[in-house]
Amino acid sequence: MRYKFYTTSEKAWDGMLRAISGAQHSIYCEMYIFVDNTPDHGFFDMLAQKAHEGLRVRVIIDALGSTDLQPSAIERARKAGVELLFFSYWLKHTHKKILVVDEKIAFVGGVNIHKLFKKWNDLQVRMKGPIVKSIIRSFARTYQMCGGTDPRVLAWNSKKTKFNKARLWILEHWQPESRRTVKKYYKHALRNANKNITIVTPYFAPQRWLIGALHQAMLRGVAVHILLPEYTDLWHMNRVNYFYMHRLRALGAVIYLSPEMNHAKAMLIDDIEGMVGSQNIDPLSFQYNVEAGVFFREEAMVKTLKGIIEAWKSKSIIFDPLTKKPEWFDYALSPIIRIFQRLT
């Protein structure tokens, strides 16, 4: 299996556009935020061009996440032959970031497409090999739910994918059953950690079961490191992040604060198992959103991910509760968060 990690939105966009420009047969894309305001990275123009050339171009965009998308861009894409669908369901959103080219190359991770995110640190992984089939199936499920009609894409819903000893696989949130599967995987991974757990996330609002799993790991002597941006793009999430930083720090976790916005979602267990995906550590990702992530035990992939995270840590500061004392708003927010935790 061949792979490549991209560590910023801009680098990921470059890689994705190169793959799209080389497409010969098909392009499948599913995005939470996909907006036509990146002139140096003309995704909509490239997709329209490929559709005009006769390629099968199927695009799914979350209606809430992509409210900034201009109607003119939608019209141009559809006129060129792009099948552009919107995911719009009450309290459920597709938060996946998937691109599949020619059913051979797949991109999965946390990278959205909007001019505001161009310089953000993030993670997207490009892959070839059997895993691509599972990623297409993930796309096909959303495609069917959005009313897609291409029989070739729909046929993937009935296909089974087999892996040898599952050294690389995809876990996704879809129906309630799959959410239990993802939660079960996290519990299993954290329960069986022996040395260290590293979590990278921009938004940190862990549910009680996750706090408990991390606390149990620390009581066993497992080192828990959490990498967060010092300030996110959302003011209210800054306060939520700091609320949980204080709580996890008191339990023994080491919190790293990145001076730059880091939108990556990743996890490392004992430096032998890694995850890169779309889900944040919050109730929306674990309870409601449609998410997808790749989990892997391939030694080279894990080593590469570890190197990326260590580089980010080296540029971060360690959270000190004495210098980041709670503000008045945190005391008002605290009971609301605790009530919300009981509901989730």
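E10 is partly exposed, with a relative accessible area of 21% (buried means under 20%, exposed over 50%, partly exposed in between; 1.4 Å probe, protein chains only). The model is predicted, with residues numbered from 1 along each chain as its sequence is written, local features requiring pLDDT of at least 70, side-chain atom pairs counting only at pLDDT 80 or more, and totals for chains, interfaces and linings using all residues. Side-chain values rest on heavy atoms, without hydrogens and water.

**View 1. Salt bridge between E10 and K119.** The closest N and O atoms of this pair are 2.8 Å apart (a salt bridge is a side-chain nitrogen of Lys or Arg within 4 Å of a carboxyl oxygen of Asp or Glu). Because E10 lies in helix α1 (residues 9-21) and K119 in the loop between β6 (105-109) and β7 (121-128), the pair ties together parts 109 residues apart in sequence. Helices (H or I, at least four residues) and strands (E, at least two) are DSSP runs, numbered from the N terminus. K119 is exposed, at 63% relative accessibility.

**View 2. Salt bridge between D150 and R56.** Here the closest N and O atoms are 3.1 Å apart. D150 occupies the loop between α4 (131-145) and α5 (151-154), whereas R56 belongs to strand β3 (residues 56-62), 94 residues apart. Both residues, D150 and R56, are buried.

View 3. R76 touches D36 and D45, leaving aside residues up to four places away in sequence (contact means heavy atoms within 4.5 Å). The C-alpha atoms of R76 and F44 are separated by 8.4 Å. R76 is partly exposed, with a relative accessible area of 44%.
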